[in-house]
Amino acid sequence: MAWRVAGCGAHAVEAEAHAVETLITLDTSAILALLDRREVHHSSAVATLEADPGPYLVPAGILAEVGFMVESRLGTSVLDLFLADLENGAFTLDCGDQDLARIRQLVRDYADLPLGTADASVIACAERSGGRVLTFDVRDFGVVARESAITVLPPAGP
């Protein structure tokens, strides 16, 4: 896995071998932190996933945003590793077709943030998949978490 290839040294975990009640939905900020060892939240992101058997969901609604940001910040080779992880099942791409009405509602309800379709797709996916979101965008996700059924990971420190 790209985030593990980047120097985390953890062994691969087969997501299908573990039954979990709630899944972790990844936000763009979490994916960037996983892929970039120099990122301030890298260790926290890695530790959160290493403590959970997965699977880890990547909403299709953030794929273009992630692709652009990874390629522009970390280069094409890191983007290729991330896409290989998606292709090989290290992360699960969640298309969320059934989430469109909820995404639309979230964008309307949180227009003052503005939440946007990418964050709304992460929230809708998480709500449907147990509510846990790995993100470092606490400004937007923190507001929604206070008013909905999502839990922001990693938990804020003391």
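These questions and answers walk through a predicted model of one protein.

Q: How many helices and strands does the protein have?
A: Read along the sequence, the elements follow the pattern α-β-α-α-β-α-α-β-α-α-β-α-β. The count is eight helices and five strands.

Q: What share of the residues of the protein count as buried?
A: Buried means under 20% relative accessible area. The protein has 158 residues, and the share that counts as buried is 47%.

Q: Among contacts between residues at least 6 apart in sequence, what share join residues at least 24 apart?
A: A contact here means heavy atoms within 4.5 Å. Take the contacts between residues at least 6 apart in sequence; the share joining residues at least 24 apart is 67%.

Q: How much of the accessible surface belongs to carbon and sulfur atoms?
A: The accessible surface of the protein comes to about 8,000 Å². The part belonging to carbon and sulfur atoms is 54%.

Q: What should helix α7 span, and how far apart are its end C-alpha atoms?
A: Helix α7 covers residues 116-128, which is 13 residues. The expected span is 1.5 Å times one less than the number of residues. That gives 18 Å for α7, and this agrees with the distance between its end C-alpha atoms, 18 Å.

Q: Is Ser-121 buried or exposed?
A: Ser-121 lies in helix α7. Its relative accessibility is 6%, and the cut-off for buried is under 20%. Therefore Ser-121 counts as buried.

Q: Which residues does Ser-121 touch, leaving out those up to four places away in sequence?
A: Ser-121 is one of the buried residues of α7, and Ala-120 and Val-122 are among the others. Beyond four places in sequence, Ser-121 touches Pro-59, Gly-61, Ile-62 and Ile-103.

Q: How far apart in space are Ser-121 and Val-107?
A: In sequence, Ser-121 and Val-107 are 14 residues apart. In space, C-alpha to C-alpha, the distance is 9.5 Å.

Q: Which residue follows α7 with a positive phi?
A: Most residues other than glycine have a negative phi. After α7 comes a residue whose phi is positive, near 110°. That residue is Gly-130.

Q: At what angle do the axes of α2 and α4 cross?
A: Helix α2 is residues 28-35, and helix α4 is residues 63-74. Their axes come within 10 Å, and α2 passes α4 in a right-handed crossing. The crossing angle is roughly 35°.

Q: How many nonpolar residues are in the contact of α2 with α4?
A: On the α2 side the contact includes Ile-31 and Leu-32, and on the α4 side it includes Met-69 and Arg-73. By class, this contact has one polar and two charged residues, and its nonpolar residues number seven.

Q: How far apart are the axes of α4 and α5?
A: Helix α5 is residues 76-88. It packs with α4 at an angle of about 145°. The axes are apart by 7 Å.

Q: Which elements do the buried residues of α8 pack against?
A: Helix α8 is residues 138-147. Its buried residues are Asp-140, Phe-141, Gly-142, Val-143 and Val-144. They pack against α7, β4 and β5.

Q: Which residue is joined to Pro-114 by a cis peptide bond?
A: Most peptide bonds are trans. Pro-114 sits in the loop between α6 and α7. Its cis bond has omega near -20°, and the partner is Leu-113.

Q: What is omega for the cis peptide bond of Leu-153 and Pro-154?
A: Pro-154 lies in the segment after β5. A cis peptide bond joins Leu-153 and Pro-154, with omega about -10°.

Conventions: Residues are numbered from 1 along each chain as its sequence is written. This is a predicted model: local features need pLDDT of at least 70, side-chain atom pairs count only at pLDDT 80 or more; totals for chains, interfaces and linings use all residues. Side-chain values use heavy atoms; hydrogens and water are left out. Helices (H or I, at least four residues) and strands (E, at least two) are DSSP runs, numbered from the N terminus. Buried means under 20% relative accessible area, exposed over 50%, partly exposed in between (1.4 Å probe, protein chains only). Axes are lines fitted to C-alpha atoms, for helices over the stretch in contact, and angles run from 0 to 180 degrees between N-to-C directions. A crossing is left-handed if the near helix is turned anticlockwise from the far one by less than a right angle, and right-handed if clockwise. Ala, Val, Leu, Ile, Met, Phe, Trp, Tyr, Cys and Pro count as nonpolar, Asp, Glu, Lys and Arg as charged, and the others, Gly among them, as polar. Accessible areas come from the Shrake-Rupley method with a 1.4 Å probe; for residues, only the protein chains shown count as cover.
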